[in-house]
Amino acid sequence: MTATRRAGNVSLLLLLLLCLLATATGCATEQRQRQRPSVVVTTNILGDLTRNVVGDEAEVTVLMQPGADPHSFGVSAPQAAAMEQADLVVHNGLGLEENVLRHVEAARASGVPTLAVGESVDPMTYSGGESAGRPDPHFWTDPVRVRKAVRLIGDRVVRHVEGVDAAAVRKNAERYGAELAGLHTSMRDAFASVPADRRRLVTNHHVFGYLADRYGFRVVGAVIPSGTTLASPSASDLDSLATAVRKAGVPAIFADSSQPDRLAQVLKRESGIDVDVVPLFSESLTPKGQGAATYLQMMRANTEAITEGLTSR
C-alpha cells in the first residue's frame, strides 16, 4: 500500500470518527433536553406563581396565553400531549377550566401527578346568583390563600419532579411568599381608606368573593349573576341588579378589562343609574407593558382601581 493511499485511509477513518462523535454528542444533548423536568400549568395566573417557585429548576409550560378566559379556553392537541408527558400538571380546579378538566384527567390516568390548587386552599362557596352553593374557584383574589398555594406548589414540585434542587425550590417559595405577605399588607392598608358605607362591590360576574371576604367588602351583585363568563343575564336579572345598586348607593361597577364591558354599560344606560364602569384584571394576566403581566402587578393595579373607584366621588 502506498503512503498516499495509507494517508487517505487514515483521513477517512478520522472523518468517520468525527461524524460518530458529533452524532453521539447531538443525541446526548437531545436526551438531556428531553430529560429536563417539565411542569405544565393551565392558567397564566398559576403559571406566574409556579415560575416564581420553580425558577430555573424545571421547564414550566403555561397553556393559557395572556388575556385568555379560563372558562372558555380549549386545549390544543400538542398541549394535551405535553400534559401527558409532564412530570407535574398544576391546575386551578373547582370548575374554573371548564374545557380542560378532561385533559387533566387523561394526564392523571397516564400516571402524571396533578395538583388542583383551589381545592387545597380553604375554598369558599358562592353566596348568591346562579352559582350559589357551588365552590368558588377564584381564590387568587385573596393573597393570603395565594401564599398557601405557593407553599403547596413548592411541596408538590419537590415531591414529584425528579432532578430539581429541593433547597432551591423551597427558597424560591419562601422568598415569593414574603412578597405575597407584603402584598396583603399593602392591600389591607389601601382598603382601610374606603369608608365602611362604600365597601360594596358590583362586578362583571362573581369573581371577587375571596377579596371581599378577606378585606371586609360586601358583594352587592354581578352583571352576569354567575361564577362563569359563559352565562348570560336576563332582563329581570339586570333590573334586580339596578335596584340593588340604587339602594346600596354603589358608585362603580367593576368589569373585567379583558372582556367587553357592554353589559355593564347597558345596565348603566338603560337603568339610568349614576355609576362609573371601572376596568379590573380578574381572571387573566396581560402581555408585558399592559398593566398586569404578573400576579403582583395585577393585584396592585386592582387595589388601586377599587380604592379609587369607591372613593373618588
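Which residue lies over the face of F217? R199 does, at 5.2 Å from the ring centre. A charge counts as over a ring if NZ of Lys or CZ of Arg is within 6 Å of the ring centre and within 35 degrees of the ring normal.

This is a predicted model, in which local features need pLDDT of at least 70, side-chain atom pairs count only at pLDDT 80 or more, and totals for chains, interfaces and linings use all residues. Residues are numbered from 1 along each chain as its sequence is written, and side-chain values use heavy atoms, with hydrogens and water left out.

**The chain**

The chain has 10 helices and 8 strands. These are DSSP runs, numbered from the N terminus: helices are H or I of at least four residues, strands E of at least two. Of the 313 residues, 48% count as buried, meaning under 20% relative accessible area with a 1.4 Å probe, protein chains only.

**Around F217**

F217 also pairs with F191, edge-to-face. Rings of Phe, Tyr and Trp (its six-membered ring) pair if their centres lie within 6.5 Å, and planes over 60 degrees apart count as edge-to-face. F191 and F217 are both buried. F191 sits in helix α6 (residues 166–191) and F217 in the loop between α7 (209–215) and β6 (218–224), so the pair ties together parts 26 residues apart in sequence. Ring pairs join F191, Y215 and F217 into a cluster.

**Around S284**

S284 lies in the loop between β8 (276–280) and α10 (295–311). Its relative accessibility is 6%, so S284 counts as buried. The side chain of S284 makes a polar contact with the side chain of N44. Such a contact is a pair of N or O atoms within 3.5 Å; within protein, one must be able to donate a hydrogen and the other to accept it, and residues adjacent in sequence count only if both atoms are side-chain atoms. The S284 side chain also reaches the backbone nitrogen of G67.

| From | To | Distance |
|---|---|---|
| S284 side chain | N44 side chain | 3.0 Å |
| S284 side chain | G67 backbone nitrogen | 2.8 Å |

**Helices α5 and α6**

The axes of α5 (residues 143–160) and α6 come within 9 Å and cross at roughly 175°. Axes are lines fitted to C-alpha atoms, for helices over the stretch in contact, with angles from 0 to 180 degrees between N-to-C directions. The two helices are therefore roughly antiparallel, the term for angles over 145 degrees. Contact means heavy atoms within 4.5 Å. Residues of α5 including P143, V150 and V158 meet residues of α6 including A166, Y176 and M187.

How values were computed: Buried means under 20% relative accessible area, exposed over 50%, partly exposed in between (1.4 Å probe, protein chains only). Rings of Phe, Tyr and Trp (its six-membered ring) pair if their centres lie within 6.5 Å; planes under 30 degrees apart count as stacked, over 60 as edge-to-face and the rest as tilted. Angles under 35 degrees count as roughly parallel, over 145 as roughly antiparallel, 65 to 115 as roughly perpendicular and the rest as oblique.
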